[in-house]
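Dear colleague,

Please find below the structure that I am handing over to you, together with its sequence. My notes on what was found in it follow directly after.

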Amino acid sequence: MSQTNMSQTKVLTISEEEKKDILKRYRHIRRLLIKKGSKKENLDLFRKAFEVAYDAHSQARRKTGEPYIIHPLEVATICVEEMGMGSTTAICALLHDTVEDTDLSLDDIERMFGKKVRTIIDGLTKISGVIDQSNISLQAENFKKILLTLSEDIRVILIKIADRLHNMRTLDSMKREKQLKIASETLYLYAPLAHRLGLYNIKTELEDLSLKYTEPEVYYEIERKLKKTKSVRTRFINQFSLPIKKALEAEGFKFEMKGRTKSIYSIYNKMKKKNIPFEEVYDVFAIRIVIDSPPEREKADCWRVYSIVTDFYQPSPERLRDWISIPKSNGYEALHTTVMSPTGKWVEVQIRSKRMDEIAEKGLAAHWKYKEGAAETYFDQWLTKIRELLEQPNPDALDFVDDFKLTLLSEEVSIFTPKGDLISLPQGATALDFAFAIHSEIGLHCIGAKVNNKLEPLSYILQNGDQVEIITSKKQRPTEDWLSYVKTPKARHAIKQALMAGKKEKAKEAQPILKKFLEKHGAEYNNKNLHTLMRIFNYKNQTDFLFDIAEGNVYLESSIRNFEVRNKQLVQINPNLQQDNAQQALKKLNEETLVIGEQQDLFDYKLAPCCNPIPGDEIFGFITINDGIKIHKTSCPNTVQLLSNYAYRVIKARWTSQQKVAFLAGIKVIGFDKIGIVNEITRIISNELNVNMRSISFDSNDGIFEGKIMVFINDNKHLNNLIEKIKKVEGVNKVVRIEG
């Protein structure tokens, strides 16, 4: 678009400086597309898309203050530059918000850019209209819509990830509660999705940015420590790499070698999982060796490099990961090993070819480039699984999103059939899941499994590399217990269908019982009377109601005080018309901030036991269906799921500064067992800091003790002061707050 054309649009608010910046960004993407070999007609369409998007968004600005058109330009740049996509994706990225936010319609898009672009834009356009948000999660509905389109064209999800990445990069301008919601949703769905598509750099950035907003103190502390140790780390990596470099050169390898620091989020994850400080995370960095090797020699050359590395440094046998023989389900290929350096530090070494490296960096786009191998089938299989999931009759979008995350975003295990065929299942899948993965009929009649020639129960959790033979019996029928054994949606759906079929058969036995009861009280056996009884007994599903009558779980005579009979019809008397607590609370609270400590008489709230918040912790309120409002810490283990799926039931909350009530908190103390140490700890708690204890328990084993102390404190400063005091006791090795 020329400078002249830009000045002829209806824009009044964009300055000349901003116009130059916009034009510069557009030209940058265009140059990238030319470099990728885009045809002239596609470049003309890209220019047209830019003009349409520029005009459509011309009077809008983002919360950051910049012209709105910057956002679609940045999304297009991410798609082309960081994902390696082409002109169609860039066109759709430029237009992705036009239908949702401007006067343009999908018909307009199709007329100007064709049916394919229309389909992709439709998938990226959020569900609009009046939706009862008390019953569904709008986020889940929108995500389900994206995946419906994704099964036709995977570019939908790539643009959505690029859109989310740019939103995360500019999240500073948003309100705190919006930051938490978007960051949690990103961690819950978009980062795992980027990982599954092989977009490792984008996945890492999404995780780091999410942590920056969910737990800013932790993020900046790790960032500060990484900067502080950078020069020491660089020196160490150079010394460690030197002998390997010389040996590889002597062997005639063409290679690139670089040090890679673990991401802030993965360091934080390790600290949390192992309950250790930053200083004890031993594999903060890794060495990556990328060799220039032809496809037919890649595997052998990677193992030769592994042999050279282990000639110099002792490997840990448990930490060898061979993703060359069996690539990850997203197509990732590499050899990973962890070796001991001369200074006593463990170092991860990653070995891969240039082709493998490009696939690891660019993910899906690189797979399309290397179509001749089996690599493309990983994504074909993945899309087939998504289609299977979408075909299942599941009206609940939240269940769908949970199933999607569980089945298609989690890490996988590779299981062998007796004939040696490979089946991939999500981590944590059981022998029963494996049976259903082979065939639904085999699953429904499964009685057990032989795993590596050893008999195992249905609930056996499969391990990577297991060889499994399923044992069946024609007499076997599914039970309710089976639902707790399975992890995959395919198995769960088949079991539920079989149980429902059995329920419907049993439910038929209720009809004569119901007919006899109604006739006894002068009423007809008809649908209207049946539904009146269901309301009285609080049943929503007719099959469940009839099944429970047949099973003897419903005592029909107990309902006679709740109805009277008029003209052979049941009329409910004194129906309970009250709304549930959650709806009442939603109406009362609206946009207010719940102040904890002042509004106990107005709102029924409780402190969530999963994270046990205390004054000083950053918190939010969550409106439950039957249990009032629960107060959670923003760092609670459940925060990501609550904020990403149920943001419409989250309310702002803060502590009142006047609150001087004692809150229960837990401390775990670990150290070396010595005479008097317990007395010293309890003396500090009771005498020095005047803290009341509710309970204390200590266990000792081979000279190491572990204690759990429950104390009443005023706020997190009070608790942190107590922790610091106990840390100074001689023999104490670690003191941490118990979160739940």
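Helix H4 is largely enclosed by the rest of the structure, because 11 of its 13 residues are buried; buried means under 20% relative accessible area, exposed means over 50%, and partly exposed lies in between, with a 1.4 Å probe and protein chains only. Please note that this is a predicted model, in which local features need pLDDT of at least 70 and side-chain atom pairs count only at pLDDT 80 or more, while totals for chains, interfaces and linings use all residues. Residues are numbered from 1 along each chain as its sequence is written, and side-chain values use heavy atoms, with hydrogens and water left out.

Helices (H or I, at least four residues) and strands (E, at least two) are DSSP runs, numbered from the N terminus. H4 covers residues 70-82. The buried residues of H4 are Ile 70, His 71, Pro 72, Leu 73, Glu 74, Val 75, Ala 76, Thr 77, Ile 78, Cys 79 and Val 80. The cover over them includes helix H2 (16-35), helix H3 (40-56), helix H5 (87-95), H10 and H12, where contact means heavy atoms within 4.5 Å. The length of H4 agrees with expectation: at 1.5 Å a residue its 13 residues should span 18 Å, and its end C-alpha atoms are 17 Å apart. The expected span is 1.5 Å times one less than the number of residues. Just after H4, Gly 84 has a positive phi of about 80°.

**The H10 and H12 pair**

The crossing of H10 and H12 is left-handed, that is, the near helix is turned anticlockwise from the far one by less than a right angle (clockwise would be right-handed).

On the H10 side the contact is made by Ile 161, Arg 164, Leu 165, Met 168 and Arg 169, which meet Ile 202, Glu 205, Leu 206, Leu 209, Ser 210 and Tyr 213 in H12. By class, this contact has 7 nonpolar, 1 polar and 3 charged residues. In this count Ala, Val, Leu, Ile, Met, Phe, Trp, Tyr, Cys and Pro are nonpolar, Asp, Glu, Lys and Arg are charged, and the others, Gly among them, are polar.

Arg 169 of H10 counts as partly exposed, at 31% relative accessibility. Not counting residues up to four places away in sequence, Arg 169 touches Ile 78, Glu 82, Glu 205 and Leu 209. Arg 169 and Leu 209 are 40 residues apart along the chain, with their C-alpha atoms separated by 7.3 Å.

Strand S9 (residues 446-451) pairs with S11 over 5 bridges, and Ala 449 stands opposite Ile 470 in S11.

Leu 432 lies in H21 and counts as buried, at 0% relative accessibility. Beyond its neighbours within four places in sequence, Leu 432 is in contact with Gly 443, Cys 446, Leu 458, Trp 482, Tyr 485, Val 486 and Ile 495. Of these, Tyr 485 is 53 residues from Leu 432 in sequence and 7.2 Å away in space, C-alpha to C-alpha.

**A hairpin and the chain as a whole**

Strands S12 (residues 563-566) and S13 (residues 569-572) pair in the antiparallel sense over 4 bridges. They form a hairpin with 2 residues between them, and Asn 567 in the turn has a positive phi of about 50°. Val 565 stands opposite Leu 570 in S13.

Overall, the chain has 31 helices and 22 strands, and 49% of its 740 residues count as buried.

With kind regards

Note on methods. Two strands pair if DSSP finds at least two bridges between them.
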